[in-house]
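Subject: Structure for you to look at

Hello,

Here is the structure I said I would pass on. Please open it first, then read the notes below.

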Amino acid sequence: MNRDNNHEIEKTTPETEAAEETAAKQTEPVSGEEPAEKENIGNFPEENTDSETEEADGANEPEEKKKKGKLAEKVGAYTKSTKFRRGGISTAFTAGFLIVVILINVIVSVLAQRYPSMNLDLTKNKVNTLSTQAAEIVSKVNVPTTIYIMATQAQTKGDQLLSEYGIKYSQVGELAEKIAEKNTNIKVEYMDLDKNPTFASTYKNDNLVAGDVLVKTDKRYRVLAYTDLFNVQYGSDGVSTETYSMVDSALASALNSVIADTVAIAAFDTGHSEQLETATYQKLLANNSFETKNFNLLTDAIPDNTRLVVLGCPTTDYTDAELKKLDAFLSSSAIEGDRSLLITFHPSQQAMPKLSAFLKEWGIEVPQAVVVESDQSKYYTDDPSYILSTVQTGLSLGGQSDYGYFTTPQSNPINLLFETRGTKTTYSLAKSNDSCYLVDNNTKADDTPQKAAYNTAVLSQDKVQSGTKEYKANVIALGSTTMFAGEILGASTFGNAKYVVDLSRYATGTTNSATAITETSVQTNVSDITLSAEMSVLLGIGVFTLLIPLLVVVAGVCVYRKRRRL
């Protein structure tokens, strides 16, 4: 039954199929012939066969390629979004910032090696900073000078030497390099004695070891042992230590010595059981362009080129032969320069008649008594014989104008027998306060003391002709031997060290030859901050263990949430 008369059911018979097959064969091109081009009937535009081909390919494209295409579209859209632009800028800024920081660090490291003064000195006592005194010496170096440090640079900068004593040896390298930076005539070399044994053999008499410093010019050299650079003192418990640095003044003094045109010799007599502590005084002289020697006046000649002879509180009298040597030294026309004899005294000395007679010829008399202070505000410690004296200005030493507190403990009084006699002239160098009095073996407890200002240091001067020039010959008498004690010369409270340097240089005529230097000790292991146990626990656990990590976590969460909104 036909459902719709308008639709015909197409029937295929064998005859119909044969006819269609014959027609198809007739329309196929013959082999070897080009197919005929389509005619453009009616001048219509040609169909876009390429688009049709692409659409056909797209229709047949695998599902995986379609997914990649969609992903590419999403990526393209994201890269054009505001979020991507902001994130990209942030990333670029962070990367750029890190690069800048790294470059700055590299540049600063290079510059810090070339210019050590760029390194900030964060030590409490500024031990890595050159003092004004040292800078003045450095500026005067006008000849090629080398500072040899007996260690590798790594050992020096890493504090690998003498660390068992609590010593920060890196200070030696820091100050040496800052010295070299200030003056191009100075250079620093690190010398590994294990790899360069021949260097030590060149200075075999100096017994160079790791940690020593050798400062050298073509004129001379000076070796600084680690004990010249640092001083380690043990506490009363025998375990705790206090470390003091003298690196600044030691390097300055070594430079001062090796650049000096002339070096005066100070000779110390050792033949009369002298009570003077010479170590500190000799070191002070060595720091100021002196060479020191010990000799026995009884058996030895006074060393050649000596300009200062020191009799450090002798306990026995001198022979006529010895005094003749001293007189010849003072009057010699062969010595082209000023020369001096320096003698120190102490109230405990026995009478020495021959030495006393020699001094009287120079207008000097030293009674056997001690100067005592009656005013408690004018002496220190519990001993009234530890007096403060006033430096006199009648004779200029050509050095300091003010020495501050100048002490002459346990001093003999010294009398001047004349002001001028012949070619000799006497001067008072220092006096006690007028509230002082004398105590001797004859003083009784109920005696009323006679108060006065007493000489505690004097100088008698003569003139000596040498060729066409006139020089000074001096005899210096110091009533106090204790004023040379290490704890006094090394104390910044007193001006004794500066005074002794200026007096010694005046005595040898070397006042203007170099800058005066006094040794300065600076404690290096001083505590910067003092904390109680409770405060230490609070900072250690509360701040560094809990608070700071918590703040870092909170900051991270805030940054994360903010970036999620971008």
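In which strand is glutamate 291 found? Glutamate 291 is in strand S8, where a strand is a DSSP run of E with at least two residues, a helix is a run of H or I with at least four, and both are numbered from the N terminus.

The model is predicted, so local features need pLDDT of at least 70 and side-chain atom pairs count only at pLDDT 80 or more, while totals for chains, interfaces and linings use all residues. Residues are numbered from 1 along each chain as its sequence is written, and side-chain values use heavy atoms, leaving out hydrogens and water.

Glutamate 291 counts as partly exposed because its relative accessibility is 37% (buried is under 20%, exposed over 50%, partly exposed in between, with a 1.4 Å probe and protein chains only). Threonine 306 lies 15 residues from glutamate 291 in sequence, and their C-alpha atoms are 9.1 Å apart.

Glu291 is also among the residues nearest the centre of the largest pocket, along with Tyr221, Arg222, Ala286 and Phe290. A pocket is an open set of points on a 1 Å grid over the protein atoms alone, where a 1.4 Å probe fits, with protein on both sides within 12 Å along at least five of seven lines; lining residues have an atom within 4 Å of a point.

Elsewhere, leucine 551 sits in helix H16 (residues 533–565). Leucine 551 counts as exposed because its relative accessibility is 54%.

Regards
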